Amino acid sequence: MTLAAHESPPARTDLVGGRDDAEPTASGTSSVPGPRGPGREGRRVGSTRRSDLWTLSAEGLARLGRPVLWLSIVALILAPSACFLVLAVSPRLFGQGSAWFTLSYLRAVLTGGTATALVNSVWVSCAAAALGLAVGFPIAWLASRTDLPGRRVVAGAMWFVLLLPSWLPAIGWQRLVQPDGVMYRIGLDLPVVTHLVMGPVGVVLLLGMRCVPFTYLAVTAALAGLGQEFEDAARVHGATRTGAIRLVAPILAPAITSALAIGFAETVSDFGVASTLAYSSHFPLATYQLYADVNGFPPSFSGAAAIGWLLVASVAVPLAFQARALRGRSYAVLSGRTRPVVRRELRPRAKLGAVAFVALFYGAALGVPGFGALSSSLLADFGASFRLTLVNYRLVFASSGLSGPLERSLAYGAITASVTVVGGFVFATMLARKRTATTKILDFLLLAAVALPSVVFAAGYIFAYNLPFLSRMGIDIYQTVTLLVLGYVASSLPTNARVLVGAVSQVQRSLHEAGRAHGAGSVRAWARGVFPVLSRPLTMAWLLTFTGIFLELPISQLLYAPGSPPLSVAIQDNLGNYHFGTGMAQAVVAVLFALVAVGVVLGGYRLLAPKGWRRIGGGAHG
Amino acid sequence: MTKVAYGSTRPRRPRLVPQVAALSAAGALAATLGATAGVASASSVHRSSGRSKVVPLVVYSAQGYDKLATEDFSKKYHIPVQLDDNSTGPLLTQIEASKNNPKWGLLWVDGATAFAGLDTQHLLLRGYEPRVSWNSLGLQALPKDKSYVPTGVTLAGAMAYDAAKVPNPPSSWADLLAAKWKGQIGTNDPSQSGPTYPFVAGMMNDLGGIGAGETFFSDLKANGLVVNPTNGPTLAALASGQINIALVQSSAAVGATFSDKNLKVRYLDPVTILPSAIGIDAKAPKQEQVEAEEFASYVLSPAGQKVMQTGDPTGDSLYYPVLNGIAPRKALPPLTGVKTQNIDPYVWGPKENTINAWFDQSIVQ
């Protein structure tokens, strides 16, 4: 056992993974001492054995790591997606048509209305991702690096933005500006605003706001690991404040490109805005066409799959941009010597401008949809008057069917987030390493998976895991909670990994190696040296998944176990059965519950995490 | 228990791999959570006297009263029910995606065209008809091959209007094209609203064909037709004054009159009937098929009809019964003097996607 530990390769294969092109460690060597390094002589034998066992198991895990990862990707993401996408060329494979091979569906999506919708989706996604960065980056910077008043509220409110399903802001804006909407009822006769919002501009605006939290999370995580030393160095060499920012900003390139890539992929696969504001504005998007194909009768899975292929292909746009931006550079800046950041004091005028900018964003992202949801839930007569009533809330709380779905969604969200954050971290570690063919493939697969609408995953899971031969073998997991949770994990994993890439790519290998040099096993060195600095991004990634799953609809609708509906299905049931007000009241209550859950997690981190963890992960003093 | 619990049918794992094990553990935990939270569980499976061992009946339903109905059925017949309560679209998507290995036992949704489509693919059990006394609506809705069982009828394209603003509403379909109604009429998109396709197809059927129907809707569009996705937004547009006349499903229109006393409902001749119906999975185990037949019989019994008429008082309960001896709820306008038509679902069902695509391209855009 000891021999095996000695013979095992050094940290190159550890789970966290140093970069293949790692720099020399703090001690000036690029190799890692074995577990019997200096300082271990005086230890008791039992302790040594335990440590060796740790090391052995860590190395064993490391050896298993790569095949297991690929197995997971194949089982969770590739197989279900492939089972769905193959229908575009071979509908007969799953009994969805007579042709074993045809290109007619792919040809069809390249013509007419679907082609227009695809073009719209691509350019809107590019614009929305750029808008998300343009708004999200300054907010992240202001909240992390300056004395912006109310900066503690900014982070919490960003979770609120993330929690809202995208159709909710769309309905809120629509209620405000549509002909005979609230704007006109209070005497603001502004058809120009109606024309602007109920069109491509409004669609980009809404989807762009949807991208802001992703940018915010990626950039704040990266800023947290970016010490003061870089800005100080720039200032010492005579750079102005703007010049210092110009120097530091490129160090955040992985986070920025990640944010752009996620923004693009999330937008191109969004259905909430496509089916509400874009639909009402007669501005077709590809996801609407895809859902129409899937939900029509009989459903055209082959037509939907053909659109899915093109959505997958579209992620080449952000990937090409990312590859160009990051080529050949290293972004590992977070080490044991990272210096805490001192918050900048904004001048009064700048402070006022910053507060107005942040307030404007939250007004648009939360105020308007909040108004839409609340007004819908408080009006009992479809909005015929401004008479407010709590009847919908009374119905929600009187209903015996609320608590079960709520508890289930909380549990599903927590389980999915816990599994996903582990997988997402491992994938992010691989992506943060030196670019190889493997990581490029992984990168493409993960981003392509983000770009696939959830309904593709859900239908793909039915095709892949409900095959008759599997049932004959006793593997019968369709319509069980198991498959639902696996579907949730598969849909969350790519985004989660993407969000973590920015933070993980900053971690220097020396953090882990320092632990090894002081005699800790691989796992222990990671737990004591690396985990503390990543604890905050990991917590954020957990919350990101939790909030995404809590009100997730397409996968829930197709895969939930009969008799155990999640919350989103219960809400949709009300919205679809003419109980619009009750459904909206249920949605409001659900969002509040989720916010409480987010508050508990963030509060728990603040209370329970050691001060040092929060200092390193928190990014700034003050 | 859920139909298949992870612990009892564990997939073969060639070797222990940590991530897969972790996922499996999470899945198993989730399965346990789900199973304990479910309506029906293994412990609730009873052996009914004089029958084979009962199996859980998997009900796919989009009806507002389905939860109460399945609970009442379970209590009375001692048959556990697993309810997939969903919108019609996802339910049909599930059925089509899993048709090589179906997991459902009974489908209960609105719209005969969907059932006709499933029947054409041989996915429905044929030849079952409960022993009941059908009224004229029931007889109209009953298919020749008895592949599905009508349980009630609503009307597609009912006209809801604001009586305060429209004292003299249109009295025929042709009236809707008059200039005085320009920009005042709204309806739903048949691609998003299941009950709207029978309305569109019904108009085409009545006017003599698809071409004549397309002309009618194009003329409506030229007269400022406002198209919203579903009943809710269209009725909201009516309530807010954006439109003054809404063409929606009758149950939604009547339900809206409860909260907005200015709204009235009127049926223009002919109005198309939209049956709610039950279909049984042709590939389900024999015992489950028997239980599904018992469920259909229960739904058409006085007890079942009572649950249907009270379970969703402002929504799906507002239907016209298909049985003699069962009166519609008082809130429903009488059908006396109203000409109804039943479109042949086997003729119009296969045209649904084509017509919906035309509607989206030509009327919605």
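**Two helix stories, one per chain**

Helix α19(A) crosses helix α20(A) in a left-handed way (the near helix is turned anticlockwise from the far one by less than a right angle). From chain A, F427(A), M430(A) and L431(A) of α19(A) meet T439(A), L442(A), D443(A) and L446(A) of α20(A), contact being C-beta atoms, placed from the backbone, within 7 Å.

This is a predicted model, where local features need pLDDT of at least 70 and side-chain atom pairs pLDDT 80 or more, while totals for chains, interfaces and linings use all residues. Residues are numbered from 1 along each chain as its sequence is written, with chains lettered from A and ligands numbered from 1 in written order.

Back to our pair: α19(A) spans residues 403-432 and α20(A) residues 437-451, and their axes come within 9 Å, crossing at roughly 130 degrees.

Now hop to chain B, with its 13 helices and 11 strands (DSSP runs of at least four H or I residues, or at least two E). Of its 365 residues, 55% are buried, meaning 20 or more other C-beta atoms within 10 Å of their own, against 12 or fewer for exposed.

Take α13(B), residues 352-364: E352(B), N353(B), I355(B), N356(B), F359(B), D360(B) and V364(B) are buried there. They span an arc of only 165 degrees around the axis, so they sit on the same side of α13(B). What do they pack against? Their partners in chain B are α4 (112-120), α6 (196-207), α7 (210-222) and β7 (226-228). On the face turned away from that buried side, you'll find exposed T354(B), Q361(B) and S362(B).

Methods
Axes are lines fitted to C-alpha atoms, for helices over the stretch in contact, and angles run from 0 to 180 degrees between N-to-C directions. Two residues are in contact if their C-beta atoms, placed from the backbone, lie within 7 Å. The arc is that of the directions from the helix axis to the C-beta atoms.
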